[in-house]
Amino acid sequence: MSKPSTARVYDYWLKGKDNFAADREVGDRLMKIAPELPVMVRENKELLTRAVDWSARQGIRQFIDLGCGLPTKPSTHQTARLVAPEAMTAYVDNDPVVISHLAVLRAKDPMVTVIDNDVDDSGTVLAAAGERIDLSRPACLLLGALVHFYRPDAARDLIAKYVPALAPGSHVVLTAGYMPPGPDAERFVTVYSAGPRPLYVHSAEDLLSFLDGLEVLPPGVADARVWRPGRTAVPAPERRAIWMNGVMAQVPARND
């Protein structure tokens with residue numbers, strides 16, 4: 001409880017109750033640099049909800065949520081099942097507080113599976129997911145607010161570990177916070193990296209490079225406030241000190 005957690009800091013910004021003094025302290029320090037943070041994390045949640053809803057409407061019935069964090073409403077499984085009641089969701093995290101909450105959810109819901117594991121261990125995660133999810137059929141892989149905890153080369157490698165296991169037609173969704181280069185961005189990265197975990201700022205070009213070999217879907221990389229899956233890009237609202245970018249791609253058919 002004395003060490004801040006990415007999931008619990010996020011929970012604090014969402015006005016949740018599953019956070020401790022260490023999480024609130026670093027969360028407050030970061031909000032002094034970027035007061036828009038609570039708004040930004042809500043926008044991230046709304047973007048992910050749109051991505052899951054759209055994927056379900058395209059016929060996808062399986063969702064893998066990497067580094068899912070504490071459950072929020074609507075959660076991935078709730079959103080998917082508004083469209084497809086038979087949708088299966090696998091949540092992956094290794095934060096003890098997150099897992100304790102997800103375990104309660106799993107006990108009540110047979111269409112939810114919980115994988116207590118580091119997302120870096122893709123082999124173990126995919127093997128566990130494969131016990132409940134048919135990886136020969138399309139799935140939606142969510143990496144919400146995750147890749148900004150990886151160096152560019154590491155983020156690219158992480159996604160490259162999972163994509164070969166996904167069937168053609170699967171979707172991959174990325175979101176990542178962004179601050180324009182400058183003193184505020186440097187301070188933000190320094191404070192965050194000294195707390196929950198190292199943080200990296202990725203440009204839109206970085207995000208696209210993480211999806212190399214996939215078919216990037218409209219509108220490409222866009223501010224969470226205007227990102228709408230399957231639609232053309234529209235101008236973003238006035239830029240803030242910090243915002244969330246999102247992008248979705250599809251696994252293409254493979255040439256045997």
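Helices, of at least four residues, and strands, of at least two, are DSSP runs numbered from the N terminus. With that numbering, select Ala145, in the loop between strand S4 (140-143) and H7. The model is a predicted one. Ala145 is not a glycine, yet its phi is positive, about 50°. Its relative accessible area is 14%, so Ala145 counts as buried, the limit being under 20%.

Next select Lys15, in the loop between helix H1 (6-13) and helix H2 (21-33). Here too phi is positive in a residue other than glycine, near 65°. Is Lys15 buried or exposed? Lys15 is exposed, with a relative accessible area of 70%.

Go on to the cis peptide bonds. One joins Lys73 and Pro74, with omega about -5°; Pro74 is in the loop between strand S1 (62-66) and H4. Another runs from Pro218 to Pro219, with omega near 5°. Pro219 sits in the loop between strand S6 (215-216) and strand S7 (222-223).

Now show helix H3 (residues 37-57) together with helix H4 (residues 76-83). They pack at an angle of about 35°, and their axes are 8 Å apart. The crossing of H3 and H4 is right-handed. Which residues meet in this contact? From H3, select Lys45, Thr49, Val52, Asp53, Ala56 and Arg57; from H4, select Thr76, Thr79, Ala80 and Val83. The residues of the H3 contact with H4 divide into four nonpolar, three polar and three charged.

Stay in helix H4 and select His77. At 5% relative accessibility, His77 is buried. Leaving aside neighbours within four places in sequence, the contacts of His77 are Thr89, Tyr91, Leu105, Asp109 and Val112.

Move to Leu166, in the loop between helix H7 (152-162) and strand S5 (171-178). Leu166 is buried, with 2% relative accessible area. Not counting residues up to four places away in sequence, Leu166 touches Leu135, Leu141, Val172, Val251 and Arg254. For a distance check, pick the C-alpha atoms of Leu166 and Val92: they are separated by 16 Å, and the residues are 74 apart along the chain.

Finish with the aromatic side chains. The structure holds three aromatic pairs, and ring pairs link Phe149, Phe188 and Tyr192 into a cluster. Then select Tyr150 and Arg197: Arg197 lies over the face of the Tyr150 ring, 5.6 Å from the ring centre.

Methods
Residues are numbered from 1 along each chain as its sequence is written. This is a predicted model: local features need pLDDT of at least 70, side-chain atom pairs count only at pLDDT 80 or more; totals for chains, interfaces and linings use all residues. Side-chain values use heavy atoms; hydrogens and water are left out. Axes are lines fitted to C-alpha atoms, for helices over the stretch in contact, and angles run from 0 to 180 degrees between N-to-C directions. A crossing is left-handed if the near helix is turned anticlockwise from the far one by less than a right angle, and right-handed if clockwise. Contact means heavy atoms within 4.5 Å. Ala, Val, Leu, Ile, Met, Phe, Trp, Tyr, Cys and Pro count as nonpolar, Asp, Glu, Lys and Arg as charged, and the others, Gly among them, as polar. Rings of Phe, Tyr and Trp (its six-membered ring) pair if their centres lie within 6.5 Å; planes under 30 degrees apart count as stacked, over 60 as edge-to-face and the rest as tilted. A charge sits over a ring if NZ of Lys or CZ of Arg is within 6 Å of the ring centre and within 35 degrees of the ring normal. Buried means under 20% relative accessible area, exposed over 50%, partly exposed in between (1.4 Å probe, protein chains only).
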